[in-house]
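Biologist: I would like to learn how to read a fold from its coordinates. Please take me through it feature by feature.

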Amino acid sequence: MAIKDWPEDDRPREKLLTRGPRALSESELLALFIGSGSGGMDAVQSARRLLDEHGPLRRLLDLDAATLMKLPTMGPARACKLVAALELASRHVLSDLERGDSFCDPDSAARFFKLRLRPRPQEVFAALFLDTRNRTLAYEELFTGTVDEAAVYPREVVRRALLHNAAAVIVSHNHPSGRAEPSAADRQITHQLHQALALVGMRLVDHIVVGDGPAVSMAQRGWLRAGPGP
């Protein structure tokens, strides 16, 4: 049975309009992008097949357009449409976080860095440079490494902070392996950054490690001034 022949309350588009997007399953949401199915399947069945064979959803949506377009039922137009929608959603959230609000809340900073860094296949070390009220002056990705490490140079972080006339800095990096637990090297560089920034009168507000699950805030764990750890 084609979707147009379903009961009206069960059709993804009508369900979204009457009950909101949260009422839809992942396959129904994906079906709205696909528009129509293939191989005798309707759009919802095709979307469910994509999730079964190339999911879960996060893994599927992390694929680039060139890879998506090769999947069943996708093609160039649908792949580009989906990637563009994801980018719009990301920019929408980031625009709220970058609108001059303070980043003194670790959860806000964690959301910001997770949007920026979690999908990256390599380890990236980034910094938010803040004014005296912890409002954003600039965001920069300073160092990029291999799959599992990035060389971080505290003097470069200090140099960029001075360039932006920052009063404070929040740094973050991702773990492409997916596990956000900080390593001994992560704690060591945090200690070095704290000392280097303090020498020029700046605060290291936090160091946030991003993975697949919840991000880890070293400030919340009390590790900013405790030394490099074991």
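Biologist: How many residues of strand β3 (residues 168-174) are buried?

Modeller: First, the ground rules. This is a predicted model, where local features need pLDDT of at least 70, side-chain atom pairs count only at pLDDT 80 or more, and totals for chains, interfaces and linings use all residues. Residues are numbered from 1 along each chain as its sequence is written, and side-chain values use heavy atoms, with hydrogens and water left out. Buried means under 20% relative accessible area, exposed means over 50%, and partly exposed lies in between (1.4 Å probe, protein chains only). Strands are DSSP runs of E with at least two residues; helices are runs of H or I with at least four; both are numbered from the N terminus. In β3, seven of seven residues are buried.

Biologist: Which residues point each way from β3?

Modeller: In a regular strand the side chains alternate between the two faces of the sheet. Here Ala 168, Ile 170, Ser 172 and Asn 174 point one way. Val 169, Val 171 and His 173 point the other way. Both sets are buried.

Biologist: Which strands pair with β3, and in what sense?

Modeller: Two strands pair if DSSP finds at least two bridges between them. Strand β1 (residues 124-130) runs antiparallel to β3, joined by six bridges. Phe 129 has Val 169 as its bridge partner, and Phe 125 has His 173. Strand β4 (residues 203-210) pairs with β3 in the parallel sense, over seven bridges.

Biologist: What handedness does the β-α-β unit have?

Modeller: Point the strands away from you. A crossover is right-handed if the path from the first strand over the helix to the second runs clockwise. The unit made by β3, helix α9 (residues 184-199) and β4 is right-handed.

Biologist: Now a helix. What should the 12 residues of helix α3 (residues 43-54) span?

Modeller: The expected span is 1.5 Å times one less than the number of residues. For α3 that gives 16 Å, and the end C-alpha atoms are 16 Å apart, which agrees.

Biologist: Which residues of α3 are buried?

Modeller: They are Ala 43, Val 44, Ser 46, Ala 47, Leu 50 and Leu 51. Contact means heavy atoms within 4.5 Å.

Biologist: What does Ser 46 touch?

Modeller: Leave out residues up to four places away in sequence, and Ser 46 touches Ile 34, Gly 37, Ser 38, Met 41 and Thr 73. Its relative accessibility is 1%, so Ser 46 counts as buried.

Biologist: Where does Ser 36 lie?

Modeller: Ser 36 is in the loop between α2 and α3. At 35% relative accessibility, Ser 36 counts as partly exposed. Beyond neighbours within four places in sequence, Ser 36 is in contact with Ala 43 and Arg 78.

Biologist: And how many helices and strands does the protein chain have?

Modeller: It has nine helices and five strands. Of its 230 residues, 42% are buried.
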